Amino acid sequence: MSSFGDHLKVHLLGESHGQLVGVLLEGLPAGVPVDAKAIQAQLERRRPAQSAVTSQRRERDPLTISTGVHEGRTSGAPLLMTTTNTDVDSSVYSALKPRPGHSDLGGHLKFFGHADPRGAGHFGGRLTWGLVAAGALARQALDVFGIRIVAYTERIGAHHITQEPSFDDAVRLVDSNEVRCPDDALAQRMRKDILDARKGGDSLGGAVRCRIQGLPAGLGGYHARSFESRMSLMLFGIPAVKAVGFGLGHELATMTGSQANDPIGLVQGAPQALTNRQGGVVGGLTDGSEVSLLATFKPTASILTPQDTVDLESNAPAKLTIKGRHDPCIVPRAVPVVENAVALVLLDLLLERLGEEGFQRRLLG
Ligand SMILES: Cc1cc2nc3c(=O)[nH]c(=O)nc-3n(C[C@H](O)[C@H](O)[C@H](O)COP(=O)(O)O)c2cc1C
């Protein structure tokens with residue numbers, strides 16, 4: 001199933017080289033203002049062929065909203081958003097020679113040879129169009145509650161941010177360079193390494209930091225209903241995400257309790273964590289401080305260097321030379337994917353906390 005969410009249900013549709021990709025939303029509260037231009041602006045940030053460090057597949061990705069909107073606001077009915085696939089070259093994909101690191105072999109075995117192999121079919125990164133479209137709409141509801149989200153490139157290959165930018169600087173600088181790293185000097189080194197990797201027939205991985213301000217305390221729940229569990233379900237649904245961390249994440253393993261705990265103090269008379277090493281989530285619940293998470297992306301699987309595989313027809317070892325247009329590093333395009341996908345989980349959790357009616361009363365004032 002390609003569906004997420006308990007109260008806001010998100011269903012992803014389509015195939016990379018089929019007629020269209022899209023998203024169907026159910027449970028979206030009525031009355032959310034729909035700004036199609038703002039949604040398209042987020043889609044532009046995800047679009048391929050936007051710079052030298054992305055895939056050169058030329059898709060314009062125009063948004064069509066077919067249902068669920070009346071007089072500029074959500075109507076409470078299921079809402080469908082789609083875009084057509086236009087720049088498709090399926091001749092370079094073979095179901096019979098699975099790409100190492102890609103979904104081809106697993107898809108072939110799970111679906112008994114019937115999965116659509118063209119551009120990875122329903123597995124492909126192209127399906128994240130729907131996450132961005134839906135998330136950009138969810139943000140229009142979150143805006144009313146003063147909830148702000150920013151994501152940016154924290155790491156690409158050997159280069160990583162060492163000094164965390166302020167939230168406002170991150171918002172201001174994230175789109176100022178092609179790799180979406182708010183430190184421009186670092187961004188130039190990352191860019192060069194991506195282009196060098198591509199030239200050498202290879203690819204790079206990295207990590208996207210996402211930070212959220214303005215969340216109320218108490219979002220999430222016990223154990224498997226924790227904020228981290230619900231958020232991770234979505235983040236691991238983004239193709240090529242191989243690790244998710246909150247706050248200092250893996251680094252916490254190297255620290256002592258006295259180094260890792262966030263001391264609690266009074267800020268304007270209210271108890272609050274004074275530092276943010278745990279990422280704003282403790283006991284599975286938001287505590288009212290900034291939420292910070294990290295999604296780690298593996299290097300793009302489709303590389304031009306010849307690789308070992310098996311010919312599924314003859315069941316014999318084979319060499320694979322991949323053609324086609326691919327992202328030499330997924331991270332620059334994944335930044336808006338993470339930023340908008342996160343909004344879907346936040347809206348779902350907010351609906352859980354406030355209830356549909358409570359949410360609508362706050363939304364409509
Ligand atoms: C925005 C985006 C773009 C992607 N572009 C490519 C690509 O050009 N080539 C490729 O091999 N994988 C690409 N991927 C990743 C694959 O879809 C993914 O690695 C594959 O489906 C296997 O899933 P897994 O890596 O989660 O195990 C992209 C992912 C995203 C999020």
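Student: Where is the place of Ala240?
Tutor: Ala240 sits in the loop between helix H6 (227-235) and strand S11 (241-246), where helices (H or I, at least four residues) and strands (E, at least two) are DSSP runs numbered from the N terminus. This is a predicted model, in which local features need pLDDT of at least 70 and side-chain atom pairs count only at pLDDT 80 or more, while totals for chains, interfaces and linings use all residues. Residues are numbered from 1 along each chain as its sequence is written, and side-chain values use heavy atoms, with hydrogens and water left out.

Student: And is Ala240 buried or exposed?
Tutor: Ala240 counts as buried because its relative accessibility is 15%, and buried means under 20% relative accessible area, exposed over 50% and partly exposed in between, with a 1.4 Å probe and protein chains only.

Student: What about its phi?
Tutor: Ala240 has a positive phi of about 85 degrees although it is not a glycine. Ala120, not a glycine either, has a positive phi of about 70 degrees; Ala120 lies in the loop between helix H2 (104-110) and helix H3 (128-144), and with a relative accessible area of 3% it is buried.

Student: Changing topic, which loop holds Asp327?
Tutor: Asp327 is in the loop between strand S18 (316-320) and helix H8 (331-364), and it is buried, with a relative accessible area of 13%.

Student: What does the side chain of Asp327 reach?
Tutor: It reaches the backbone nitrogen of Ser55 at 2.7 Å, a polar contact being a pair of N or O atoms within 3.5 Å; within protein, one must be able to donate a hydrogen and the other to accept it, and residues adjacent in sequence count only if both atoms are side-chain atoms. Not counting residues up to four places away in sequence, Asp327 touches Thr54, Ser55, Thr300 and Arg333, where contact means heavy atoms within 4.5 Å.

Student: Which strand has Arg209, and what lies by its side chain?
Tutor: Arg209 is found in strand S10 (residues 206-213), and the backbone oxygen of Gly247 lies 3.2 Å from a polar atom of the Arg209 side chain. Arg209 counts as buried at 7% relative accessibility, and its contacts beyond four places in sequence include Val150, Tyr152, Glu154 and Leu293.

Student: Now Leu24: where is it, and what does it touch?
Tutor: Leu24 lies in strand S3 (residues 20-26) and counts as partly exposed at 25% relative accessibility. Leaving aside residues up to four places away in sequence, Leu24 touches Lys9, Val10, His11, Leu13, Pro78, Leu79 and Leu80.

Student: Zooming out, how many helices and strands are there in the protein chain?
Tutor: The secondary structure of the protein chain comes to eight helices and 18 strands. The radius of gyration, taken over C-alpha atoms, is 21 Å, close to the 21 Å that the globule rule (2.2 Å times the number of residues to the power 0.38) gives for 365 residues, so the chain is as compact as a globular protein of that length.

Student: How much of the chain is buried, and what share of contacts join residues at least 24 apart?
Tutor: Of the 365 residues, 49% count as buried, and among contacts between residues at least 6 apart in sequence, 71% join residues at least 24 apart.
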